[in-house]
Amino acid sequence: MEKRGSFGSRFGTIAAVGGSVIGLGNIWRFPYVAGENGGAAFMLIYLIISLLISIPIMLSEFAIGRSTRSNPMRAFSRLAPGTPWKGVGYTGILCAFVILSFYCVIAGWALEFLGDSALNRFAGLTPGQIAGNFDTFVASGWRPILWTLVFIGATAFIILSGIEKGIERYNKILMPVLFLLLAGMAANAMTLDGAREGIAFLLRPDFGKITAKTVLEALGQSFFSMSLGMGCMITYGSYLRKNENVLRIGGMVALSDITVAVLSGLAIFPAVFSFGISPTSGPELVFVTLPNVFARMTGGYFLSILFFFLLFLAAITSSVSLMEVIVAYLSEEFPVGRKRAVALTAGTVAVTGSLCALSMIPSSALTVGGMNLFDLCDALSSNVMMPLGGLLIVLFAGWVLSPAKLRRELTGGMRYGTKVYPLVRFLIRFVIPVLILLLFLNRTGVL
Ligand code: PHE
């Protein structure tokens, strides 16, 4: 087993955890899932779930990871030896593979669009032409695969060369830039013709539209966006220093994550309505909407380059954290060393990622039950694996982990957060498990 590092400073911790959490989930996935699920009603439920369910789950993962300082599988087998709990660790590792497989494809799209922006390819195109270009790109098959592979290579390179620390340092400046850029884009979106309709779509809830499906989609989106339910925050929790205020870190990270998602929504929906794009376009929503915005904006040429570059950066800090879950497990449990662990993981994802990219070609036979492989990986991870993992993790933190340990990890031995701790514990033990369970029973038709 290799020696484990830990984050060097409070800033390093927040940058790394924030790097994992903020990614394509906020900018690409949030708008497309919100668009498919009715907009404002979805957003409201997403906000409630993020505050009430996701933050406590993140804290539970931190507690499990930090108290054992090991990869998810080993963390469970240490805390509950000889029990099936370590299965949660294994499914988390599997989930990391499933997510990486489609995540790298989308990150590849961001790279293609970065190139297109630099070559000024969107200037003067009509919304129809922009949508047509996107379809041709995806249908070409080889181009998306090429970019997927480039992105996987870049992720592997970062993990191997240990320059994550360097990236975190740049992120300190670049993530606030992304934040400002999104805020500027949201402000600009308000000035578009027909923007009102988009704002209403996102902010005026129609409660009649809320179904159990909406709630499960919101839960899945929140877990995906906060990297929960699959061991990522257990792994990062294991690198947390003992004197770190976990409650504060969880709260800060969650709030930034939510803010970036809402800003993306505000930047995108007014434009969606203004350019006559369907809010239910699915995964391509952001990629067919934003080029229209940039094509008509003063300074759009430079801003689009900046945007797609930042999107790529946000994505790579997340894919590094996903790959790290698998690499930490392989290199700590088998005598392979980090280098081979990275090669093995990247090699496997190169195959599954390429298949996901190919499955997006309209006539592709890579479908299961009418869903293409890409959509399947996306839905399976967010709507099944992560909620199930989240449920098991809170059950473990609330009922199996000793109460003294949970309290020590979350309050630093009663040094901080003593007022909110009882509430967090109550949510972890009772409210969250019951809610997720009810939701599952309803969705599977039992209730
Ligand atoms: N949270 C990341 C994003 O929003 C995706 C992710 C999920 C990363 C699970 C790690 C683990 O893009």
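**Exercise 1. Find which backbone nitrogen lies 3.1 Å from a polar atom of the N245 side chain, and place N245 in the fold.**

Step 1. Start with R248: its backbone nitrogen lies 3.1 Å from a polar atom of the side chain of N245. The backbone nitrogen of L247 is also 3.1 Å from a polar atom of that N245 side chain. For scale, a polar contact is a pair of N or O atoms within 3.5 Å; within protein, one must be able to donate a hydrogen and the other to accept it, and residues adjacent in sequence count only if both atoms are side-chain atoms.

Step 2. Before going on, keep in mind that this is a predicted model, where local features need pLDDT of at least 70, side-chain atom pairs count only at pLDDT 80 or more, and totals for chains, interfaces and linings use all residues. Residues are numbered from 1 along each chain as its sequence is written, and side-chain values use heavy atoms, with hydrogens and water left out.

Step 3. Now place N245: it lies in the loop between α11 (232-237) and α12 (246-274). Helices here are DSSP runs (H or I, at least four residues), numbered from the N terminus.

Step 4. N245 has a relative accessible area of 11%, so it is buried. Buried means under 20% relative accessible area, exposed over 50%, and partly exposed in between (1.4 Å probe, protein chains only).

**Exercise 2. Work out what surrounds the ligand and which atoms it meets.**

Step 1. Count the shell: 17 residues surround the ligand, and the closest are V21, G25, Y103, F224 and S227.

Step 2. Sort the shell by type: 9 nonpolar, 8 polar and no charged residues. In this scheme Ala, Val, Leu, Ile, Met, Phe, Trp, Tyr, Cys and Pro are nonpolar, Asp, Glu, Lys and Arg are charged, and the others, Gly among them, are polar.

Step 3. Look at the atoms. A polar backbone atom of G25 is 2.9 Å from a ligand oxygen, and a polar side-chain atom of N26 lies 3.5 Å from an oxygen atom of the ligand. On the nitrogen side, a ligand nitrogen lies 2.8 Å from a backbone N or O atom of F224.

Step 4. Check the cover: taken alone the ligand exposes 320 Å², and the protein buries 100% of that. These areas come from the Shrake-Rupley method with a 1.4 Å probe.

Step 5. The elements giving two or more residues to it are α1 (10-21), α2 (24-36), α5 (86-118), α10 (212-225) and α14 (300-333).

**Exercise 3. Compare S227 and M414: what is phi for each, and is each one buried or partly exposed?**

Step 1. Phi of S227 is near 55°, a positive value in a residue other than glycine. M414 isn't a glycine either, and its phi is positive at about 65°.

Step 2. S227 has 9% relative accessibility, so it counts as buried. M414 comes in at 43%, so it is partly exposed.

**Exercise 4. Find the side-chain partner of D378.**

Step 1. D378 sits in helix α16 (residues 373-400).

Step 2. With a relative accessible area of 1%, D378 is buried.

Step 3. Its partner is Y32: the two side chains make a polar contact at 2.5 Å.

Notes:
Near = heavy atom within 4 Å.
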